[in-house]
Amino acid sequence: MRTAIITGGAGFIGSQLARRLLADGRRVLIIDNLSTGRRENVAELLDDPRADCRLIVGRAGAQIEAALRLGADEVYHLAAAVGVQLVVDDPAGMIRNNVSETVSVLEAARTAGAKVLITSSSEVYGKCPRLPLQEDMDLVYGPTTASRWSYGLTKAIDEHLALDFSRRGGPACVVVRLFNTIGPRQTGRYGMVVPRFIEQAVNGRPLQVYGDGKQTRAFCDVRDVVEALVGLMAQPDAVGRVFNIGSTRQITIDQLAAMVIQLAGSSSAVEHLPYEAVYGRNFEDPPHRLPDTSRLQNLIGWQPAVTLEQTIRELIELRRGPMLSGSTAEKV
Ligand SMILES: NC(=O)c1ccc[n+]([C@@H]2O[C@H](COP(=O)([O-])OP(=O)(O)OC[C@H]3O[C@@H](n4cnc5c(N)ncnc54)[C@H](O)[C@@H]3O)[C@@H](O)[C@H]2O)c1
């Protein structure tokens, strides 16, 4: 049976990827230090006698060699410190986590001869003013006094590492830049907007929009994102290249708030908070983020299949509880 390792597999995207690979009949080894991820995210997989899934609790860099010795031929490297709030609170810890763990994963995969997919981020584009964002564009960052940019820089370093290893003796690496991804098991604790809005709307509290609400983003359902990850890992021509993965439907954060309120049938108001009140001084936020996904589409024919309304509707149902959302809970 083919075996895949998912670092960060007890997190939001990793736990969805585990479900997808297990459904394909794969054996899955998850390495997660449970910092932002949770055992509950994968508990049903670990307890399912038909699913060959194992959770190794620990740092990716410390556990990867032993996990590879169990016979894995592919590593999806998702483990990272994620979320604007975490980045602003502890940039040094985030930098150490995101860069040194990646070096260890790449070195171990080279020795074992396993292929690696590295999950980078739209944050690498920084505040690049041209849209849509294309993989070969110049990257534009703000000053080092604005700690937010440190996250994108760590992801850019990860990309350099992966591409360099891939060029010089391996492992074979694929790099993906994920744009805003949404779905079940994403937490709003570290600044993610959709789970925060849903929580606020369902509880009848004001939806807190950071900034003026005119900033735009494009949100992609995690099931679509995971299809792209698996498709790229399987495609030999993806090796040594970088791919954007995300939706190309732009929406302002004010429009998103209105959509969540409407789909939840909520009477919540919308309130705007200055960035400074939330993230402190020197915080910068790119006004727009929109991917060009033609490289991905041309190589594997990928298109997102789930609409934003569908994802939000399902997330609202899930948030309201199993009595109301049993059928949806099984699907996602
Ligand atoms: N969610 C998004 O919109 C988005 C956008 C761009 C990029 N990404 C990238 O996708 C990946 C997954 O993100 P996510 O949204 O699922 O976040 P997440 O926080 O849910 O998942 C990250 C997982 O990694 C684990 N982890 C962190 N450091 C670790 C370490 N040193 N060793 C082992 N495990 C560790 C955490 O416990 C968590 O389970 C990350 O690399 C992130 O940078 C996500």
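The model is predicted: local features need pLDDT of at least 70, side-chain atom pairs count only at pLDDT 80 or more, and totals for chains, interfaces and linings use all residues. Residues are numbered from 1 along each chain as its sequence is written.

Start at strand 1. Helices (H or I, at least four residues) and strands (E, at least two) are DSSP runs, numbered from the N terminus. Strand 1 is mostly covered, with four of its five residues buried. Buried means that 20 or more other C-beta atoms, placed from the backbone, lie within 10 Å of the residue's own; exposed means 12 or fewer, and partly exposed is in between.

Strand 1 runs parallel to strand 2 (residues 27-32), joined by five bridges. Two strands pair if DSSP finds at least two bridges between them. The link between these strands passes through helix 1 (residues 12-23), and this β-α-β crossover is right-handed. That is, with the strands pointing away from the viewer, the path from the first strand over the helix to the second runs clockwise. Strand 1 also pairs with strand 4, again parallel, over four bridges. Isoleucine 5 has leucine 29 as its bridge partner in strand 2 and stands opposite valine 75 in strand 4.

Now take helix 5. Residues 91-112 form this helix of 22 residues. Its buried residues include Asn98, Glu101, Thr102 and Val105. An α-helix has 3.6 residues a turn, so residues three or four places apart point the same way. Glycine 113 follows helix 5, with a positive phi near 75 degrees.

Note on methods:
Expected span 1.5 Å × (residues − 1).
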